[in-house]
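Dear colleague,

I am handing over the structure below, with a note on what was found in it. Please keep it open while you read.

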Amino acid sequence: MNKFNIFINDSDETFECFEQEHLLKGMLRLGRKDIPVGCRNGGCGVCKVKIVSGQYQAGIMSRNHVSVEEQNEDIALACRVFPRSDITLNVLGKMKNEFVRTHVASQNTKS
Ligand code: FES
């Protein structure tokens, strides 16, 4: 069972993901919240990411959330992406601003 490292540029964090699980599942298995999580079923679009580097297989994604042009630019829904190598990505989902605010705030409160 192959396992790959998923690096999140926005939070500067890495988590491990098995090739047969989608990126959100791998992240949640480790109790992480680096990528916004919604329906986990390709329906809400909050887990939208841009794959900056690495190989992956993407399942069917709603055109309401990922256009053909976006898909060609390696934009995908994390709950529909299965890693085939180590991956680096940027978070694009709707909750990104909220995520960044929360993440920065929590970092500022760490001693
Ligand atoms: S969590 Fe809703 S589309 Fe991925």
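**Around Ile 35**

Leaving aside residues up to four places away in sequence, Ile 35 touches Ile 8, Leu 23, Leu 24, Met 27, Cys 47, Val 49, Ala 78 and Val 91, where contact requires that the two C-beta atoms, placed from the backbone, lie within 7 Å. This is a predicted model, in which local features need pLDDT of at least 70 and side-chain atom pairs count only at pLDDT 80 or more, while totals for chains, interfaces and linings use all residues. Residues are numbered from 1 along each chain as its sequence is written.

Ile 35 lies in the loop between helix H1 (23-29) and strand S3 (48-53); helices (H or I, at least four residues) and strands (E, at least two) are DSSP runs, numbered from the N terminus. Ile 35 counts as buried because it has 28 C-beta neighbours inside 10 Å, the cut-offs being 20 or more other C-beta atoms within 10 Å for buried, 12 or fewer for exposed, and partly exposed in between, with C-beta atoms placed from the backbone. The C-alpha atoms of Ile 35 and Cys 47, which are 12 residues apart along the chain, are separated by 6.1 Å.

**The chain and its hairpin**

The protein chain has three helices and seven strands, in the order β-β-α-β-β-α-β-β-β-α along the sequence, and 32% of its 111 residues count as buried. Strands S1 (residues 3-8) and S2 (residues 13-18) pair in the antiparallel sense over six bridges, pairing being assigned if DSSP finds at least two bridges between two strands. Ile 6 stands opposite Phe 15 in S2, and in this hairpin, with four residues between the strands, Asp 12 takes a positive phi near 60°.

Best regards
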